[in-house]
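Student: Could we take a close look at a single part of this protein together? I would like to follow the strand pairing step by step.

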Amino acid sequence: MTAAELTSWLEAHWLGLLIGALVALTTYRFARPLVHRLVSRAVRPVAKDAIDPAIAAEEAAKRAATIEDLLAGLLRFVVVVAVVLAILTLLDLLPVLAGLAVVAAALTLAGQSIVLDYLMGILILAEGQYYKGDWIAVGTVEGTVEEVGIRRTIVRDGTGTVHSISNGTIRVASNLTRVYANLQVDVTISEIGQVDRASAVIDEVGSAMAADPAWREALLEPPRCIQVLPMTEAGVGLRAGARIRATDRWSAPSEFRRRLVLALAQEGIATSANPHPSAPADRPSGGG
């Protein structure tokens, strides 16, 4: 087609092209809010045993965001394909497109890894292994899920590096922020005779932390002493445990550990890390 023929064709079909472009843009512009409303209504919090309503709502929000992003991407793809087909139809180039489709099908069959990527992506979405906003570990990559697509998963690690992972390569995906996590803090008591008192201090610190408004929502139950560990040369180990919100699996144990160390030192209870704590303020040091 020469330049003159192209100009003549555009003069004859410019109105149809303009209307088609406006329809495509309008469809995409108003379809996204519609998708958001439909997904928000369709995805409801699932009430399960031992799940706080707030956690169920948070899980539903992550699931809805993941589905909405996926549908928006599919919608964008459909609009682009519709525009391309419309242009090819006007240019009478559909036979060329049919030939390209045959070539693409052959390449797809040859690239079985691509087929596996899409198949695994569908399974990941159907099974709900992880959603946008979850913190996951896949192979050597660990970070926040930024996108769950049919072909790939986008993860941003703790350093800010973005990883694009083909779904077909994912064999084990560990979700660290699904529903709840377990707080587990160990402390070794140097003197065997102080084990009972140390256990009581652990329970007291756990109850105080659970009553603190700043940490009340993070703890699904007060931390308490749940196990006496085997004796070692350093002393007797005590383990504190509790069920906590999954998103606080790093901050809550750190805060509990800080409070426990201070409480044990204040009570004069010796630990392997601090074998000679200072005497508590309410007890006289020395005789007399």
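Which residue in β4 is the bridge partner of R156?

Tutor: Happy to walk through that with you! The bridge partner of R156 in β4 is V162. Before going on, a word on the source: this is a predicted model, where local features need pLDDT of at least 70, side-chain atom pairs count only at pLDDT 80 or more, and totals for chains, interfaces and linings use all residues. Residues are numbered from 1 along each chain as its sequence is written, and side-chain values use heavy atoms, with hydrogens and water left out.

Now to the pair itself. Strand β4 covers residues 162-166 and runs antiparallel to β3, with 5 bridges joining them. Strands here are DSSP runs of E with at least two residues, numbered from the N terminus, and two of them pair if DSSP finds at least two bridges between them. The hairpin of β3 and β4 has 4 residues between the strands, and in this hairpin G160 takes a positive phi near 95 degrees.

On to the other partner of β3. Strand β3 (residues 152-157) is also joined by 5 bridges to β2 (residues 141-148), and these two strands run antiparallel. Here V148 has T153 in β3 as its bridge partner. The link from β2 to β3 is a hairpin as well, made through 3 residues.
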